[in-house]
Amino acid sequence: MIRTHVSRGHTMSFSEALLAVLIKYGLFIASLVGSILSLSLLRPLTRQQAAWAVATGFFTAIFTTDLVVAYFGLPASGDARNGVAYLIGLFAMNLIPLGKKVAQAIARNYLKGPQ
């Protein structure tokens, strides 16, 4: 069994240490995994587009998970919060195509010169 020494004088097993890391960084891990897995849902992308898509999903999940959990009154426990982060990361990458369509519609309809 792998043991990790903790500064307080007691030891922590490897599985306990792994669990502590997952609890502490679970939101970040779930956000990143959700955004990476959603690449399979999108049409083929260039490396740059894929990197921007993953970054969009990741940061959207990081910054909006607590807002969504509070707004919908979801439990703030680690599992529920991480699940919400995963789903936001998974679906947030669709914001890029949606944002492009909205920008094109605005440019087409409102930025035309006077007729």
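Let's start where helix H1 touches helix H2: Leu27, Phe28, Ser31, Leu32, Ser35 and Ile36 on the H1 side are in contact with Val54, Gly57, Phe58, Ala61, Ile62 and Thr65 on the H2 side. Sort the residues of this contact by class and you get eight nonpolar, four polar and no charged. Keep in mind as you look around that this is a predicted model.

How do you put a packed pair like this into numbers? Two packed helices are described by the angle between their axes and the distance between the axes. For H1 and H2, which covers residues 47-71, the axes come within 8 Å and cross at roughly 145°. The crossing of this pair is right-handed.

Now follow H1 over to its other partner here, helix H3. H1 spans residues 14-37 and H3 spans residues 78-92, and the two pack at an angle of about 30° with their axes 7 Å apart. That angle makes H1 roughly parallel to H3. Here, too, H1 goes past its partner H3 in a right-handed crossing. On H1, the residues involved are Gly26, Leu27, Ala30, Ser31, Val33, Gly34, Ser35 and Leu37, and they meet Arg81, Asn82, Ala85, Tyr86, Gly89 and Leu90 of H3. By class, that contact holds seven nonpolar, six polar and one charged residues.

H2 passes H3 in a right-handed crossing. From H2, Thr56, Gly57, Thr60, Ala61, Thr64, Thr65, Asp66, Val68 and Val69 reach Arg81, Val84, Ala85, Ile88, Gly89 and Ala92 in H3. This contact of H2 with H3 has seven nonpolar, six polar and two charged residues.

One more stop: the second largest pocket, which holds about 190 Å³ of space. Which helix gives the most to its lining? That would be H1, with seven residues, although H1 and H3 each supply at least two. The lining is made up of Leu19, Leu22, Ile23, Lys24, Gly26, Leu27, Ile29, Gly78, Asp79, Arg81 and Asn82. Five of the lining residues are nonpolar, three are polar and three are charged.

Note on methods
Residues numbered from 1 in each chain as written. Predicted model: local features only at pLDDT ≥ 70, side-chain atom pairs only at ≥ 80, totals over all residues. Heavy atoms only, no water. Axes fitted to C-alpha atoms, helices over the stretch in contact; angles between N-to-C directions. Helix = DSSP H or I, 4+ residues; strand = E, 2+ residues; numbered from the N terminus. Parallel < 35°, antiparallel > 145°, perpendicular 65-115°, else oblique. Left-handed = near helix turned anticlockwise from the far one by under 90°. Contact = heavy atoms within 4.5 Å. Nonpolar A, V, L, I, M, F, W, Y, C, P; charged D, E, K, R; others polar. 1 Å grid on protein atoms, 1.4 Å probe; cavity = no way out; pocket = protein on both sides within 12 Å on 5 of 7 lines; lining within 4 Å. Points joined across faces, edges and corners; volume = space filled by probe spheres on them.
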